[in-house]
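Please read it alongside the structure displayed below.

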Amino acid sequence: MNRKLIALGAALIIVGMVTGCTTTAQSSDAGTGTSFSDGTFQVAEIAVSDRGEPVQFEGVIETGETVTSDDYRGEVLVVNFWYAACGPCIVEAPMLEEVFLRFQDEGVDFLGVNTYDQAETALSFARENKVTYPSVIDVNDGQVKLAFAQLTPIQATPTTLVMDRQGRLAARIIGQLPSASILSTIVADTLAEAP
């Protein structure tokens, strides 16, 4: 078992103890990356050799500008699928912002994908929760979600994806982040990969 998997497991056990939850955790390391699941929260890292094609997407953020996958090539990109009334999305918002602020000057960017709300609601959520990175408003046509769903299941909200510098899926986090440190570790590992 590698150190990353042990660290992820330890972090989740601590969270479970602090919140009083009991879970049965399963982990695996089959040489194609690492994964960890506690039933509702899952982390899967994809080995460089097993990553698929770059994801191509285009969408309009809450301020009306168009963003595309080409805008983020050469950077590690964290993509978070969310909506304003989602309780776990509210809880994890400050953790996502913390990781964004930590890495924003190191070649890492963040993009939210709001799957339910219109721009005004998304902007209000960002103000109330002090989120400073943009979000695509995807409720009208679902094209950004569809672009990512062709590569990986986007069944739960929130779902957070970490894309490598080539725009390929490096890691998937399903469910609410229990701590910023888990995402920070994955982002740092992806950032440390050879360009």
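C89 counts as buried at 3% relative accessibility, where buried means under 20% relative accessible area, exposed over 50% and partly exposed in between (1.4 Å probe, protein chains only). C86 is likewise buried, with a relative accessible area of 3%. The model is predicted: local features need pLDDT of at least 70 and side-chain atom pairs count only at pLDDT 80 or more, while totals for chains, interfaces and linings use all residues. Residues are numbered from 1 along each chain as its sequence is written, and side-chain values use heavy atoms, with hydrogens and water left out.

**Disulfide**

- C86 and C89 form a disulfide with their sulfur atoms 2.3 Å apart, the criterion being a pair of cysteine sulfur atoms within 2.5 Å.
- The link of C86 and C89 is right-handed, with 75° about the S-S bond.
- A search of the whole structure finds one disulfide.

**Helix α2**

- Helix α2 comprises residues 87-103, 17 residues in total; helices (H or I, at least four residues) and strands (E, at least two) are DSSP runs numbered from the N terminus.
- From its first C-alpha to its last, α2 reaches 25 Å, close to the 24 Å expected at 1.5 Å a residue; the expected span is 1.5 Å times one less than the number of residues.
- At A93, shortly before the proline P94, α2 has a kink of about 40°, the bend being the angle between axes fitted to the seven residues ending there and the seven starting there.
- The buried residues of α2 are C89, E92, A93, M95, L96, E97, V99, F100 and F103.
- These buried residues pack against β6 (76-82), β7 (108-114), α3 (119-129), β9 (159-163) and α5 (180-192), contact meaning heavy atoms within 4.5 Å.

**Aromatic pairs**

- The structure holds eight aromatic pairs; rings of Phe, Tyr and Trp (its six-membered ring) pair if their centres lie within 6.5 Å, and planes under 30 degrees apart count as stacked, over 60 as edge-to-face and the rest as tilted.
- One of these is the edge-to-face pair of F100 and Y133, at 5.5 Å centre to centre and 70° between the planes.
- This pair links distant parts of the chain, 33 residues apart: F100 lies in helix α2 and Y133 in the loop between α3 and β8 (135-137).
- F100 is buried at a relative accessible area of 7%, and Y133 is buried at 6%.
- The ring centres of F110 and Y133 are 5.3 Å apart and their planes are at 50°, so this pair is tilted.
- F110, in strand β7, is 23 residues from Y133, and both residues are buried.
- F57, Y72, F81 and F148 form one aromatic cluster.
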